[in-house]
Amino acid sequence: MIEKLKSLETSFKKVLKETDTEAKLADLKARFLGKKGELSAILKSLAQASPEERKTLGQAANEMKIRLTGKMDEAKGAIERTIIDSKLAADWIDITLTGSQRARSVKESGLHPVTIVQRELEDIFLSMGFDILDGPHIENDFYNFTALNIPETHPARDMQDTFWFKDMKHLLRTHTSTIQIRGMEEKKYPPFKFVAPGKVFRSEATDASHEAVFHQMEGMLIGRDITVAHLIYFEKTLLSEIFKRDVEIRLRPGFFPFVEPGFELDIQCLICGGKGCKVCKQTGWVELLPCGMTHPNVLRHGGIDPEEYNGFAFGLGLDRLVMMRYGINDIRLLHSGSIDFSRQFATC
Ligand code: DAH
């Protein structure tokens, strides 16, 4: 019996020498130490041995099992190190290269379409003299609702719409309008203008045009004697920059508690030129940009005197723009994490 154990250890060592992959290691373990393996078979046959023999052999078998397991662990460590080393050798990036040289050396990279469009917009706004601001995803009731003149009874506060934290004081921001207040607090002295791109969160059922996480870009311009005419001129200029051609717009009244008057700005459908198609639901117009003249209460909450200053604000839905630009028909693709989807936008 003891001979059997010895020869098992010898053949184990022999096989171990050739074990250089994780798959081979798993085979080795199953063959020698597994439930149906060679060691188990020897231990089972102990049943027929005398009590004396059982004791010495049992002990020898256990000690051997510990030795073999130790050897296997060592081999496992070595295999893992080889895998890591070969990955490092294949994936390394030369950080001494310039950005564009490096981009070329990384085979399959690319920016997410939302990032591409966001950066383009940021460039347009920077060229128009806007600052770009950022703000927290986790907000409190004041910045997301109260300061924006959104009353307790507003539907956006509902459990269905807002991801509230357990304390019912904090929430995941439902819009980037929070940065209107944070921006005014930071800038303090008009005139100023800024945009704030970022993720927003709504506890909504998802479908082809609704997601629980999506992207907006908020904009605000505060100065003296600003009128709706300024707002219209600005929006037209902005949209022709975005779409690289003149676009027809129309304003409809829209209600948002933080602006007065508030508007829904539609653009004439770029797909059918206003004749009516599936994209514009046969109306010839696509809703794109809610906006309005900032409500005096909002200015006050941001520390700005509404007797002296006024201005306008707007909220761009980034995902809608991305979908129009690239002809994406389901918003859920944007967060699908699918490589096949993202690869289509790779720029190198
Ligand atoms: N915050 C609004 C929303 O998420 C969008 C919006 C509407 C922003 C009107 C504005 C505005 O700045 O003036 O639905």
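How many bridges join strand E6 to strand E7? Five bridges join strand E6, residues 249-253, to strand E7, residues 259-268, and the two run antiparallel. I will return to that pair at the end.

Good morning. What you have before you is a predicted model, in which local features need pLDDT of at least 70 and side-chain atom pairs count only at pLDDT 80 or more, while totals for chains, interfaces and linings use all residues. Residues are numbered from 1 along each chain as its sequence is written, and side-chain values use heavy atoms, with hydrogens and water left out.

Let me start with the overall layout. The chain is divided into domain 1, residues 2-102, and domain 2, residues 113-343; the bounds come from an automatic or database domain assignment. Taken over C-alpha atoms, the centres of domain 1 and domain 2 are separated by 59 Å.

I turn next to the strands. Strands (E, at least two residues) are DSSP runs, numbered from the N terminus, and two strands pair if DSSP finds at least two bridges between them. Strand E4 covers residues 192-201, and eight of its ten residues are buried, so E4 is largely enclosed by the rest of the structure. Buried here means under 20% relative accessible area, exposed means over 50%, and partly exposed lies in between, with a 1.4 Å probe and protein chains only.

E4 pairs with strand E1, residues 131-132, through two bridges, and these strands run parallel. There, Asp-131 stands opposite Phe-194 in E4. E4 is also joined to E5, by ten bridges in the antiparallel sense, with Lys-193 opposite Leu-221 in E5.

E5 in turn pairs with E9 over eight antiparallel bridges, where Glu-218 has Gly-315 in E9 as its bridge partner. E9 is mostly covered, with six of its eight residues buried. E8 and E9 are antiparallel as well, over three bridges, and Cys-291 stands opposite Phe-314 in E9.

The side chains of His-215 and Lys-199 are joined by a polar contact of 3.4 Å. A polar contact is a pair of N or O atoms within 3.5 Å; within protein, one must be able to donate a hydrogen and the other to accept it, and residues adjacent in sequence count only if both atoms are side-chain atoms.

Which strands each supply at least two residues of the shell around the ligand? They are E5 (213-223), E8 (285-294) and E9 (310-317). By class, the shell has seven nonpolar, six polar and two charged residues. Of the 15 residues around the ligand, His-175, Ser-177, Arg-202, Gln-216 and Glu-218 come nearest; a residue counts as near if one of its heavy atoms lies within 4 Å.

As for individual atoms, a nitrogen atom of the ligand is 2.9 Å from an N or O atom in the side chain of His-175. An oxygen atom of the ligand is 3.0 Å from an N or O atom in the side chain of Arg-202, and a polar side-chain atom of Gln-180 lies 3.3 Å from an oxygen atom of the ligand. Taken alone, the ligand exposes 360 Å², of which the protein buries 89%. These accessible areas come from the Shrake-Rupley method with a 1.4 Å probe.

Finally, back to the opening pair. E6 and E7 form a hairpin with five residues between them, and Leu-251 stands opposite Leu-265 in E7. Thank you.

Terms used. Helices (H or I, at least four residues) and strands (E, at least two) are DSSP runs, numbered from the N terminus. Ala, Val, Leu, Ile, Met, Phe, Trp, Tyr, Cys and Pro count as nonpolar, Asp, Glu, Lys and Arg as charged, and the others, Gly among them, as polar.
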